[in-house]
Amino acid sequence: MEKREFKDKVFGELAKVSNALSNPKRLEIIDLLAQGERTVEKISNETGMSIANASQHLQVLKAGSLVEIKRNGNFIIYRLASDKVSYIWQLLRELGTERIAEIEKVINDFRTQKKTLESVTIDELLKKMENQNVVVIDVRPTEEFNSGHISQAISIPIDQLAKRLNELPKNKEIIAYCRGPFCVFADDAVIMLKENNYKAIRLEQGFPDWKLKGLDVEISKN
């Protein structure tokens with residue numbers, strides 16, 4: 001094999017990965033699958049796509065070796081091919097936020113309007129947890145919490161929070177987290193908590209970021 005042919009083949013195969021990432025809906029699917037495996041029906045519902053469109057995007061991601069499937073009876077379950085896919089998404093997200101001014105502006109404008117611009121990083125959360133003066137709540141859907149969550153976190157899905165406020169102490173700071181920097185469940189939780197006189201703040205990152213750092217993770221039995 002000549003050098004030119006070798007390079008063309010290698011870079012051509014790598015381009016399948018970048019091609020799979022070159023669509024906003026496929027990036028959103030990766031963000032969802034970083035929380036846990038899903039059927040195409042669930043992906044369709046959460047992304048607002050038709051099942052046919054969601055399936056097409058999943059096939060592109062599969063061709064790029066970013067997702068894989070397993071069968072559960074008549075159902076096909078999709079999941080990320082490895083934690084490295086989640087890591088690639090994290091790096092892409094961070095690069096875009098740092099280098100593309102419009103992304104930062106959209107995020108800042110949204111959270112300034114919501115009054116949820118203030119946040120804590122994972123490292124800051126770890127220090128707060130050492131003092132045992134905080135309560136960490138996971139406001140993602142229960143299914144995602146069961147697939148994996150921050151150790152010691154309490155599951156209170158955002159759609160249940162209003163009815164379960166009395167489970168939370170008012171003498172401790174409440175840290176709410178969800179899927180990641182682009183997820184708004186934690187923003188909604190902080191707004192609701194503050195309206196009810198809780199001291200609350202959101203985690204800047206999400207569960208996948210915590211997991212990628214190799215920090216303590218718990219999995220709940222279904």
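Is Lys115 buried or exposed? Lys115 has a relative accessible area of 68% and is therefore exposed, where buried means under 20% relative accessible area, exposed over 50% and partly exposed in between (1.4 Å probe, protein chains only). The structure is a predicted model, in which local features need pLDDT of at least 70 and side-chain atom pairs count only at pLDDT 80 or more, while totals for chains, interfaces and linings use all residues. Residues are numbered from 1 along each chain as its sequence is written, and side-chain values use heavy atoms, with hydrogens and water left out.

The protein chain contains eleven helices and ten strands; helices (H or I, at least four residues) and strands (E, at least two) are DSSP runs, numbered from the N terminus. Along the principal axes, the C-alpha atoms fill a box of roughly 70 × 45 × 30 Å. Of the 222 residues in the protein chain, 41% are buried. The accessible surface of the protein chain comes to about 13000 Å², with 50% belonging to carbon and sulfur atoms, as given by the Shrake-Rupley method with a 1.4 Å probe; for residues, only the protein chains shown count as cover. Among contacts (heavy atoms within 4.5 Å) between residues at least 6 apart in sequence, 66% join residues at least 24 apart.

Five strands form an open sheet with parallel pairing, in the order S4-S9-S8-S5-S7; two strands pair if DSSP finds at least two bridges between them. Strands S4 (119-120) and S7 (154-155) stand at the edges with a single partner strand each, so one side of each is left without a neighbour in the sheet. Strand S5 (residues 134-138) and strand S8 (residues 173-177) run parallel and are joined by five bridges. Val135 stands opposite Ile174 in S8.

Positive phi values occur at two non-glycine residues described here. Lys115, in the loop between helix H6 (101-114) and S4, has a phi of about 60°. Asn197 has a phi near 70° and lies in the loop between helix H10 (185-195) and strand S9 (200-203). Asn197 counts as exposed because its relative accessibility is 62%.

The whole structure holds 20 salt bridges, each defined as a side-chain nitrogen of Lys or Arg within 4 Å of a carboxyl oxygen of Asp or Glu. In the pair Arg38 and Glu144, the closest N and O atoms are 2.2 Å apart. Arg38 in strand S1 (residues 38-39) and Glu144 in helix H8 (residues 142-147) are 106 residues apart, and both are buried. Arg38 and Glu144 also belong to a network of salt bridges with Glu46 and Arg179. Asp209 forms a salt bridge with Arg93, at 2.6 Å between the closest N and O atoms. Asp209 lies in helix H11 (residues 207-212) and Arg93 in helix H5 (residues 83-99), so the pair ties together parts 116 residues apart in sequence. Both Asp209 and Arg93 are buried.

His149 is placed in strand S6 (residues 149-150) and counts as buried because its relative accessibility is 2%. A polar atom of the His149 side chain lies 2.8 Å from the backbone oxygen of Phe145. Beyond its neighbours within four places in sequence, His149 is in contact with residues including Asp138, Tyr177, Phe207 and Asp216.

Notes. A polar contact is a pair of N or O atoms within 3.5 Å; within protein, one must be able to donate a hydrogen and the other to accept it, and residues adjacent in sequence count only if both atoms are side-chain atoms.
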